[in-house]
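Please open the model in a viewer and follow the stops below in order. Each stop names a selection and then describes what is found there.

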Amino acid sequence: MVDFTFLHPYWLLTILPLALLLPWLKGKAHHSGLIAPHLAKQLGFERGKTTAKPFWLLGIGWLLAIIALAGPSWQKTTMPAYSLSGARVLVMDMSRSMYATDITPNRLTQARFKALDMLPGWKEGSTGLVVYAADGYMVSPLTEDSSTLKTLIPNLSPEIMPIQGSDAAAGIREAISLLKQAGHAGGDIIMVTDGMSKRESEQVMDLLDDQAYRLSILAVGTQQGAPIKLTDGRLLNDGQGKPVIARVELDNLLPLVRSTGGNLQLSQTSNRDVDAIIASTATPREQANKDKEKELEERINGGFWLLIPLMLFALLGFRRGVVIAAMLVLMPVDHAFASPWENSDQQGYQSFQQNDYVAAAEQFSDPQWKGIAQYKAGDYQQAIETLAPLTDPTSRYNLGNAYAQAGQLDEAINTYQDLLASNPEHADAQKNLDVVKKAKEQKEKEQQQQSEQNSSEKKEQASDSQQNDSQSEDQHNSENNRDSSQQDSADKQQSADNADSQTNPEQSQNPEQQQGQDQPQDPNQQQSTQQSVGQQSSSEDSENTEQPSQPVAANDDNTNPLSASDPILKKLEQVPDDTSGLIRAQLLLQARQKQAPQSTENSW
């Protein structure tokens with residue numbers, strides 16, 4: 001009883017009308033009657049003694065109802081409350097060893113499928129995407145929209161990497177940088193790789209030492225290994241001309257996950273490997289040690305126990321009159337939690353404990369738990385509709401989370417601010433408010449960058465259009481010059497034929513006669529024809545020499561991929577629908593801003 005309190009103490013003010021109502025009713029009953037008391041006494045009619053029991057019953061019933069409505073509470077329960085903080089980064093190996101064919105069709109394809117299967121399980125927190133080969137590059141910043149990553153992952157391949165090689169530490173370093181830039185001192189790093197060398201493992205261990213980041217690894221491939229079949233069908237050979245056999249060395253991966261508390265899974269044909277990774281990383285590590293913050297204490301309204309004596313008074317009221325019955329029927333009664341007659345709530349709670357959130361949302365009649373179950377099931381819009389009418393702090397807090405998860409950042413900010421206005425010490429609401437504000441700023445920044453990029457692309461398209469028009473005009477002039485040259489050659493040829501015809505009149509015959517005679521051609525005429533052809537060929541060669549060179553989009557293997565004149569960087573507007581090309585351009589831009597990476601142990 002030390003922790004006893006009233007949840008709705010303002011209902012106690014309704015005791016004041018009772019203090020005025022009882023004396024009035026008692027006085028009215030005392031002076032009521034058809035014959036005045038002094039006349040009744042003279043006539044011999046004596047009134048019986050009146051009893052005050054009905055009024056006391058009214059008073060007791062009134063008090064019980066008021067206390068029940070005030071919500072007496074002496075117990076607490078815990079209710080789930082979800083935090084939006086926490087983040088994870090998916091790091092994918094894009095070295096050429098991912099082309100190995102020890103799993104069908106190859107490691108790269110299976111790695112992309114496994115990564116896509118992980119995304120639906122990561123509902124809490126934000127997720128980023130990093131790839132690495134000889135160096136690490138960010139593909140996507142931290143985002144809560146998994147659909148963005150779904151469009152990027154299928155387009156990842158070693159072909160888009162600026163520099164070939166394998167440096168797992170570079171990928172981990174880029175992931176840590178991405179988390180720190182977003183203000184996360186801890187988080188999860190999930191690496192999808194086909195292994196790393198002992199040197200790479202030691203470098204990764206040094207990076208994660210004394211850090212609050214948990215590394216989980218999904219190893220794609222087999223320990224027996226297989227040759228690396230490149231996209232052109234050739235097998236990748238080492239320096240001695242022998243095929244490279246890429247193997248998964250688990251001994252180099254186990255120490256990393258053990259030291260950070262992560263999870264190591266070898267790729268399987270089933271989804272058990274993905275489920276294990278999701279189970280250990282679904283809740284970001286930044287929240288893993290904050291169970292108390294995830295479960296908020298909520299007091300139990302014990303006023304429902306007072307319904308039992310109120311029902312007994314209601315029976316007496318029906319026997320003696322309808323006054324008390326009307327009072328109990330018309331008096332509003334607050335819905336109390338954990339009512340012993342609400343079997344649907346009990347069934348819903350059992351379904352909730354069994355992680356069947358969809359069934360729990362249908363079974364719960366209590367709006368608080370119903371909204372929480374809908375939130376947990378991922379039905380954020382329905383959770384918003386359920387939680388919006390509620391005014392208790394826990395429901396307002398979860399409503400703000402539902403708004404944020406649904407992408408309605410402005411509504412989430414307003415909800416958190418309203419909650420903090422009435423409850424300034426709500427640390428979780430303040431923390432989530434900061435997270436949502438950062439997400440909104442990042443979203444606005446991305447939209448601004450996208451707008452600037454679209455404007456830049458339009459300008460480049462206009463410039464290229466003018467350049468293409470100029471090239472077309474030059475080509476047209478060149479073709480006219482070539483036609484003129486060919487016409488001159490034809491005139492020279494005609495003149496030479498006429499000269500031969502005048503020199504040898506016996507050779508001037510009609511076509512029919514020439515076809516009918518099977519005679520060798522005159523040597524003079526053959527020599528003249530060869531000279532004419534020679535002059536025409538020489539004229540064409542001269543015209544080709546004088547013709548302005550046309551730009552050729554050739555891809556030279558010796559071309560520096562980081563050069564500013566790279567065709568992918570110069571012609572982005574020519575491949576607006578090529579996601580792989582856009583990602584490669586983004587990686588090239590990042591590579592140009594970095595120092596050249598050190599040479600790796602191998603190029604695969």
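**Stop 1: helix 16**

Select residues 367-376, helix 16 of this predicted model. Seven of its 10 residues are buried, so helix 16 is largely enclosed by the rest of the structure. The buried positions are Q368, W369, G371, I372, A373, Q374 and Y375.

Next, display the side chain of D366, which caps the N-terminal end of helix 16. One of its side-chain oxygens lies 3.1 Å from the backbone nitrogen of Q368. Beyond the helix, select G378, where phi is positive, near 90°.

**Stop 2**

Move to the loop between strand 7 (186-193) and helix 7 (198-208), and select D194. Is D194 buried or exposed? Its relative accessibility is 4%, and D194 therefore counts as buried, the cut-off being under 20%.

Show the side chains around D194. With the side chain of S97, the side chain of D194 makes a polar contact of 2.6 Å; with that of R107, the polar contact is 2.9 Å. Setting aside neighbours within four places in sequence, the residues in contact with D194 include D93, M98, V220 and R247.

D102, R107 and D194 are linked in a network of salt bridges.

**Stop 3: further salt bridges**

How many salt bridges does a search of the whole structure find? The search finds seven.

Select D188 and R214, whose side chains meet in a salt bridge of 2.5 Å, N to O. D188 belongs to strand 7 and R214 to strand 8 (residues 212-219), so the pair ties together parts that are 26 residues apart in sequence. Both D188 and R214 are buried.

Then select K594 and E174, which form a salt bridge with their closest N and O atoms 3.3 Å apart. This pair links distant parts of the chain: K594 is in the segment after helix 24 (579-593), while E174 is in helix 6 (residues 168-181), 420 residues away. K594 counts as partly exposed because its relative accessibility is 28%, whereas E174, at 19%, counts as buried.

**Stop 4: an annotated span**

Key
Residues are numbered from 1 along each chain as its sequence is written. This is a predicted model: local features need pLDDT of at least 70, side-chain atom pairs count only at pLDDT 80 or more; totals for chains, interfaces and linings use all residues. Side-chain values use heavy atoms; hydrogens and water are left out. Buried means under 20% relative accessible area, exposed over 50%, partly exposed in between (1.4 Å probe, protein chains only). Helices (H or I, at least four residues) and strands (E, at least two) are DSSP runs, numbered from the N terminus. A polar contact is a pair of N or O atoms within 3.5 Å; within protein, one must be able to donate a hydrogen and the other to accept it, and residues adjacent in sequence count only if both atoms are side-chain atoms. Contact means heavy atoms within 4.5 Å. A salt bridge is a side-chain nitrogen of Lys or Arg within 4 Å of a carboxyl oxygen of Asp or Glu.
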